[in-house]
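Here is a friendly walk through one structure, meant to be read with the model open beside you. Take a look at it, and then we can go through it topic by topic.

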There are 2 protein chains.
Amino acid sequence: MAAFSEFRPLSDSALMVEYIKSTPALSSKLGDQFDDLDIKEVGDGNLNFVYIVVGSSGSLVIKQAIPYIRCIGESWPMTKERAYFETRALREHGHLCPDHVPEVYHFDRTMCLIGMRYLEPPHIILRKGLIAGLVYPLLAEHMSEYMAHTLFHTSLLYHTTTDHKSAVAEFCGNVELCRLTEQVVFSDPYKVSQYNRWTTPYLDGDAKAVREDNTLKLEVAELKSMFCERAQALIHGDLHTGSVMVTQVSTQVIDPEFAFYGPMGFDVGAYLGNLILSFFSQEGHANEENDRKDCKEWILRTIGETWNLFEMKFVALWNKHKEGYGEAYLPAIYNNSELLQLVQRKFMTDLFHDTLGFGSAKMIRRIVGVAHVEDFESIQDASRRADCERKALNFAKMLMKERRKFQSIEDVVLAIRDVQ
Amino acid sequence: MAAFSEFRPLSDSALMVEYIKSTPALSSKLGDQFDDLDIKEVGDGNLNFVYIVVGSSGSLVIKQAIPYIRCIGESWPMTKERAYFETRALREHGHLCPDHVPEVYHFDRTMCLIGMRYLEPPHIILRKGLIAGLVYPLLAEHMSEYMAHTLFHTSLLYHTTTDHKSAVAEFCGNVELCRLTEQVVFSDPYKVSQYNRWTTPYLDGDAKAVREDNTLKLEVAELKSMFCERAQALIHGDLHTGSVMVTQVSTQVIDPEFAFYGPMGFDVGAYLGNLILSFFSQEGHANEENDRKDCKEWILRTIGETWNLFEMKFVALWNKHKEGYGEAYLPAIYNNSELLQLVQRKFMTDLFHDTLGFGSAKMIRRIVGVAHVEDFESIQDASRRADCERKALNFAKMLMKERRKFQSIEDVVLAIRDVQ
């Protein structure tokens, strides 16, 4: 299969086209027509080369992992094996939720290269849509579907222990990406780190307060342990609004290179946390043309609907498969509807609190850690940006500490409103 | 290394001696003297052939895993690969706590065979000593040492994430033994199962009550999930009083074939739970010669001392290595003694509650599940035995449900006394 016999970064498009030509699984997607290719390198992430290739008879995307974090340079090496785990996750999640995961055409382990479906216009990154103040009426429906199906079907609610442990073992190999998350989400924001940054000088005191908050550090330790130790399901691992492409009718989840068997709440929390960040950023984008009020209301509604639909679909899958192979809750033990509802309620409540915990950790790290979100970064006025960020940060700190007191997503939405 | 080119059960001692003769690492332990060997097959467990070989110039034990559960027969197959994981655990734990783990001389993966130190008389199985009403003044000191060292040093308090995930992945291979535990500890006692038994007819109602106790089933589901999902440390996996050999001055932990990366509380709980079972069995062994009062007091004292010493030693290791490679609590974050004490207190409280939960699960399964303990089985009078078992069972049910309310091991000991 390998078109090249050893790893070579596809650092220019001529090389990339040469690769496609020598790879039938890819060239066939372009109808073997190479004369009028429109090629764009769009790797706006930090870890990869990403080429969009559009011809007269077809299109595709080429994504190649390179062995360091691109935005920082070769000083921060990062295994290119992550492309293997990204492919495994795309294929597994794609199998479980084909409507919301792009198809993989080809994977080359030597070249750390994935060929996959090009998500054609008007698909854009969800984060950019939210920054533009756009709304997506089907988003909650689609994302709850994606999360319920991928998380349920890769957990012990659906797997046998044998299948589960074998998959867990394989994804232990994606340890370098897990370590990166541990560092940038659970560690750096809570200590002095050369990579941390924030809107200075406005948030200097806020960043320091995070580093000196014993209660917060106690909570984040628990979340980090869960992230490191609990192999609950095959999670995406980086499910923020930059990993979702949308149109008014389509929602596609991309970039699961951080995938591994971890706690479900890390995915759900990452996603909801980024919606909350978007909410708090809207004030900074409001102007005379658009006060963003409708958009903000839609975001709050979407947060509520996403969790509630997720819970409903997840429990529906559980009920559907309660007599299946899953070994967590054997039907001979959980053999009456009262008991089944009891364990389901406990499971979903625990998952809800995990979600709020991980969501708040993801919010905090985007304000005082290394990687920020465009939602805030694109607010030009630093003072105005800092005001938005501070509200989000304070909300996140409260949420991490008080998460076990929240009974429903409606309570969370009310608390977000209270910040105003 | 392999003396035999393919797997052969060493079902008679002549074959076993032939094996030793052709294996220098073993024959040298006998001084290459084979004329006056004293050989005993002592596999009183359910899974293996175990030979004690004593000669004029040395001794050793040969343990061979066979591919089914011996007590039930070939109807219940069980991978012989467990010998590999047992050896890995013996060597790892032996490295970490050489005073309390017997030395491995030789391992043969093809033959699923371990050659190891013979624990010479007066070593006996701790369970048998307890049944005889003997006391072991150093036991709490030794077992707390073993548990603190093996659990601390194989956790993320000491490991890097990279080392941890690589070890976790390898031990995922011991899945068949994990499944056996899932079934016999966390599932069978809570449902109708052909393997379950209890002291009938006395405990018929008690066994039924376990199977119909929704609250208990809710709690055991949480414990089972933790057992299946949480890779906290390399645990022994079967740390009952039958896995410990003792003299008045020596304590040796054997038989870690169930070893894998699981929750620390499973080991500590298994051990303490079996001490509690022993306590409740004493009444059934009391007679005119020995009312067992001293022995019972010693067991209660040992339960308290074991946890308290374990906690002290574990925290001491944490403090000693707080600037080490362990990635769970980075010194730059947990950078003041107040905060470090806060996280340590939370960690130990959570571990204490896990310990009580797993301990109670291990007690319950020994009374209404497939494998019983000799502590109770050796009480000849069934009615008297059932009285002891019922007290233990009721205590275990209470402990599983109320475990989060216990603040200290002294509270647990008081609750045990209250049963009287």
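## Cysteines

A:Cys178 counts as buried, at 1% relative accessibility; buried here means under 20% relative accessible area, exposed means over 50%, and partly exposed lies in between (1.4 Å probe, protein chains only). Please keep in mind that this is a predicted model, in which local features need pLDDT of at least 70 and side-chain atom pairs count only at pLDDT 80 or more, while totals for chains, interfaces and linings use all residues. Residues are numbered from 1 along each chain as its sequence is written, chains are lettered from A and ligands numbered from 1 in the order in which they are written, and side-chain values use heavy atoms, with hydrogens and water left out.

How many disulfides does the structure hold over all chains? The count is zero, where a disulfide is a pair of cysteine sulfur atoms within 2.5 Å. For A:Cys178, the nearest cysteine sulfur belongs to A:Cys228 and is 8.0 Å away. A:Cys295 is buried too, with a relative accessible area of 3%. Its sulfur is too far away for a bond, because the closest cysteine sulfur, in A:Cys388, is 13 Å from it. As a reminder, a disulfide is a covalent bond between the sulfur atoms of two cysteines.

## Where the two chains meet

Now to the interface. On the chain B side, 44 residues are in contact with 44 residues of chain A, contact meaning heavy atoms within 4.5 Å. The size of an interface is often given as the accessible area lost when the parts come together. Chain B and chain A bury about 3900 Å² between them, and 58% of that is on carbon and sulfur atoms; buried area is the accessible area (1.4 Å probe) that two parts lose on being put together, summed over both.

Between chain B and chain A there are 20 residue pairs in polar contact, with both residues at pLDDT 80 or more. A polar contact is a pair of N or O atoms within 3.5 Å; within protein, one must be able to donate a hydrogen and the other to accept it, and residues adjacent in sequence count only if both atoms are side-chain atoms. Four helices of chain B each supply at least two residues of the side that touches chain A: H6 (161–171), H7 (175–187), H9 (214–229) and H12 (337–368). Helices (H or I, at least four residues) and strands (E, at least two) are DSSP runs, numbered from the N terminus. H9(B) gives the largest share of that side, ten residues. By residue type, the side of chain B that touches chain A divides into 23 nonpolar, nine polar and twelve charged residues. In this grouping Ala, Val, Leu, Ile, Met, Phe, Trp, Tyr, Cys and Pro count as nonpolar, Asp, Glu, Lys and Arg as charged, and the others, Gly among them, as polar.

## Salt bridges

Side chains of opposite charge can pair when their charged atoms come close. The structure holds 60 salt bridges over all chains, each being a side-chain nitrogen of Lys or Arg within 4 Å of a carboxyl oxygen of Asp or Glu. Across the interface of chain B and chain A, the rule finds six. In one salt bridge, A:Arg179 meets B:Glu327, with the closest N and O atoms 3.1 Å apart. This pair crosses between chains, from helix H7 (residues 175–187) of chain A to the loop between helix H11 (293–320) and H12 of chain B. A:Arg179 is partly exposed at 28% relative accessibility, whereas B:Glu327 is buried at 16%.

Within chain B, B:Glu86 and B:Lys63 form a salt bridge, their closest N and O atoms being 2.7 Å apart. The pair links distant parts of the chain, 23 residues apart: B:Glu86 in helix H3 (residues 82–96) and B:Lys63 in strand S3 (residues 58–65). Both B:Glu86 and B:Lys63 are buried.

## Two buried residues of chain A

A:Ser278 is found in helix H10 (residues 264–285) of chain A and is buried, at 0% relative accessibility. Leaving out residues up to four places away in sequence, A:Ser278 touches A:Leu130, A:Ile299 and A:Asp375.

A:Phe85 has its place in helix H3 (residues 82–96) of chain A and is buried, with a relative accessible area of 5%. Among the residues that A:Phe85 touches, not counting those up to four places away in sequence, are A:Phe171 and A:Pro256. A:Phe85 and A:Phe171 are 86 residues apart along the chain, with their C-alpha atoms separated by 7.1 Å.
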